[in-house]
Amino acid sequence: MSLPYKHHLIHAAKELRTNATETEDRLWYDFLRIYPIRFQRQKVIDGYIADFYCHKAKLVIELDGGQHYTEIGMEYDALRTRILNAYSLEVIRFSNSEVKENFDGVCNFIDRKVQEKLNF
């Protein structure tokens, strides 16, 4: 089953892939791109663009910069998570600093979560 998406966001998603942050590029090129279960980056879902998405595990990964830790940012993220959860998707979040300072731990957590979701 395909997830609904807002077509007008496709161009923005392509731009985000082209202009990815340093932490997004690191997680993509050093782990998710070669992970044995397929992930997509900058995936449009409903009215949002998820940083990374795994259809098989129904998992969304978000990398959060400082703007996500403001009151407005946290409210927006909570709403976004509720909407994505309504599609039976689980959202996991990592701060940019977590990816920079504990890359192996982040990758291990993602791997364990995928394995759990796929009942391996």
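1. Charges come first. The protein chain carries 17 positive and 18 negative charges, and their mean positions sit 8 Å apart. Keep in mind that this is a predicted model.

2. On the overall fold: you'll find five helices and four strands in the protein chain, running in the order α-α-β-β-β-α-β-α-α along the sequence. The radius of gyration is 14 Å, close to the 14 Å that the globule rule gives for 120 residues, so the chain is as compact as a globular protein of that length. Its C-alpha trace spans about 35 × 35 × 25 Å along the principal axes.

3. Of the 120 residues, 42% are buried. The accessible surface is about 7100 Å², with 51% of it belonging to carbon and sulfur atoms. As for contacts between residues at least 6 apart in sequence, 62% join residues at least 24 apart.

4. The aromatic rings are worth a look, with five aromatic pairs counted. One of them is Tyr48 with Tyr76, edge-to-face at 5.9 Å centre to centre and 65° between the planes. Tyr48 belongs to strand S2 and Tyr76 to helix H3, 28 residues apart. Tyr48 counts as buried at 11% relative accessibility, while Tyr76 is partly exposed at 41%.

5. Phe94 and Phe109 make another edge-to-face pair, 5.8 Å centre to centre with 85° between the planes. Phe94 is in strand S4 and Phe109 in helix H5, so the pair ties together parts 15 residues apart in sequence. Phe94 is buried at 5% relative accessibility; Phe109 is partly exposed at 32%.

6. Finally, look for Phe31, Tyr35 and Phe39, which form one aromatic cluster.

Terms used:
Residues are numbered from 1 along each chain as its sequence is written. This is a predicted model: local features need pLDDT of at least 70, side-chain atom pairs count only at pLDDT 80 or more; totals for chains, interfaces and linings use all residues. Side-chain values use heavy atoms; hydrogens and water are left out. Helices (H or I, at least four residues) and strands (E, at least two) are DSSP runs, numbered from the N terminus. The radius of gyration is taken over C-alpha atoms; the globule rule is 2.2 Å times the number of residues to the power 0.38. Buried means under 20% relative accessible area, exposed over 50%, partly exposed in between (1.4 Å probe, protein chains only). Contact means heavy atoms within 4.5 Å. Accessible areas come from the Shrake-Rupley method with a 1.4 Å probe; for residues, only the protein chains shown count as cover. Lys and Arg count as positive and Asp and Glu as negative; His and the chain ends are not counted. The place of a charge is taken as NZ of Lys, CZ of Arg, CG of Asp or CD of Glu. Rings of Phe, Tyr and Trp (its six-membered ring) pair if their centres lie within 6.5 Å; planes under 30 degrees apart count as stacked, over 60 as edge-to-face and the rest as tilted.
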